[in-house]
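Hi,

Here is the model I wanted to pass on to you.

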Amino acid sequence: MKPMIPDETSSLPLEKDRVREETSLHDEILSKLRDHIVEGNIPDGGRIPERQLCAMLGISRTPLREALKVLAAEGLVELLPNRGARVRALSEQDLGELFDVMGGLEGLAGRLACENITDEEIAEIERLHYEMYGFYLHRDMHGYFRVNQLIHQKIVEASRNDTLKAAYANFAGRIRRVRYSANFARKRERWGEAMREHETILEALRRRAGNELSDILFKHLRNKRTAAVEHLKTGGMVASETA
């Protein structure tokens with residue numbers, strides 16, 4: 001009788017499925033943890049309550065700490081040697097510098113996007129714009145912010161400039177939390193202003209008006225910086241609002 005020799009390739013699909021499941025779980029944990037911090041559930045400079053988060057997410061400390069490493073690389077949290085992690089706190093000067101850099105990057109992205117973007121990409125951004133508007137009407141800040149960030153990311157991707165995309169990604173995480181909270185400044189007046197600014201962003205993009213879109217995006221970030229600083233001075237981030 002011919003001996004049965006296991007076919008090593010037969011286990012490959014199972015291995016791929018396992019890796020895919022682990023990657024999906026990691027991404028889900030990372031997304032939930034990022035949202036939890038961005039939405040102000042932990043104060044600026046506050047320690048990350050690992051035990052509570054593990055219970056909330058239904059995970060052990062190992063995947064939580066792996067997710068925290070990613071958020072540290074994004075600039076959202078700081079890892080403390082042998083003492084866990086804390087939410088990164090930004091000073092008024094930090095905010096000014098970061099928003100000016102982001103404004104410059106998004107302005108350049110807008111100009112380049114108008115040179116390279118396809119009709120299909122504009123249609124996708126337009127679809128996202130109206131999805132975001134629906135969240136705005138229903139006062140769903142979580143949904144609004146998620147789609148808002150997608151729109152900005154799509155414009156950066158349409159620049160077709162990998163160096164710009166890398167620089168943008170490097171800074172985006174550091175002010176994601178502040179961009180979220182800025183919509184609550186002046187009793188949500190800023191949220192309405194931001195929505196109107198996005199109307200002008202979409203209109204300039206439709207016309208492929210590069211210089212105009214660049215100016216609008218830079219001003220958009222400047223206005224958000226002003227609102228973020230105001231909100232910082234009147235009590236920090238957004239935890240009291242969401243409560």
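**The pocket lining**

Sorted by class, the largest pocket is lined by eight nonpolar, five polar and six charged residues (Ala, Val, Leu, Ile, Met, Phe, Trp, Tyr, Cys and Pro count as nonpolar, Asp, Glu, Lys and Arg as charged, and the others, Gly among them, as polar). Bear in mind that this is a predicted model, where local features need pLDDT of at least 70, side-chain atom pairs count only at pLDDT 80 or more, and totals for chains, interfaces and linings use all residues. Numbering starts from 1 along each chain as its sequence is written, and side-chain values use heavy atoms, without hydrogens and water.

The volume of the largest pocket is about 490 Å³. Among the 19 lining residues, R34, R146, Q149, L150 and R176 are the closest to the centre. Two or more lining residues come from each of α1 (12-38), α6 (141-157) and α7, and α6 gives the most, with seven.

**Helix α7 against α9**

The axes of α7 (residues 162-182) and α9 (residues 210-233) come within 8 Å and cross at roughly 80°, which makes α7 roughly perpendicular to α9 (65 to 115 degrees). On the α7 side, V178, R179, S181 and A182 make the contact, and on the α9 side L221, K224, A227, A228 and H231 (contact means heavy atoms within 4.5 Å). Those residues split into five nonpolar, two polar and two charged.

**S214**

S214 also sits in α9. S214 is buried, at 7% relative accessible area (buried means under 20%, with a 1.4 Å probe and protein chains only). Beyond its neighbours within four places in sequence, S214 contacts G107, L108 and R111.

Cheers

Note on methods: Axes are lines fitted to C-alpha atoms, for helices over the stretch in contact, and angles run from 0 to 180 degrees between N-to-C directions. Helices (H or I, at least four residues) and strands (E, at least two) are DSSP runs, numbered from the N terminus. Angles under 35 degrees count as roughly parallel, over 145 as roughly antiparallel, 65 to 115 as roughly perpendicular and the rest as oblique. On a 1 Å grid over the protein atoms alone, a cavity is a set of points where a 1.4 Å probe fits but cannot get out, and a pocket is an open set with protein on both sides within 12 Å along at least five of seven lines; lining residues have an atom within 4 Å of a point. Grid points are joined across faces, edges and corners, and a volume is the space filled by probe spheres set on the points. Buried means under 20% relative accessible area, exposed over 50%, partly exposed in between (1.4 Å probe, protein chains only).
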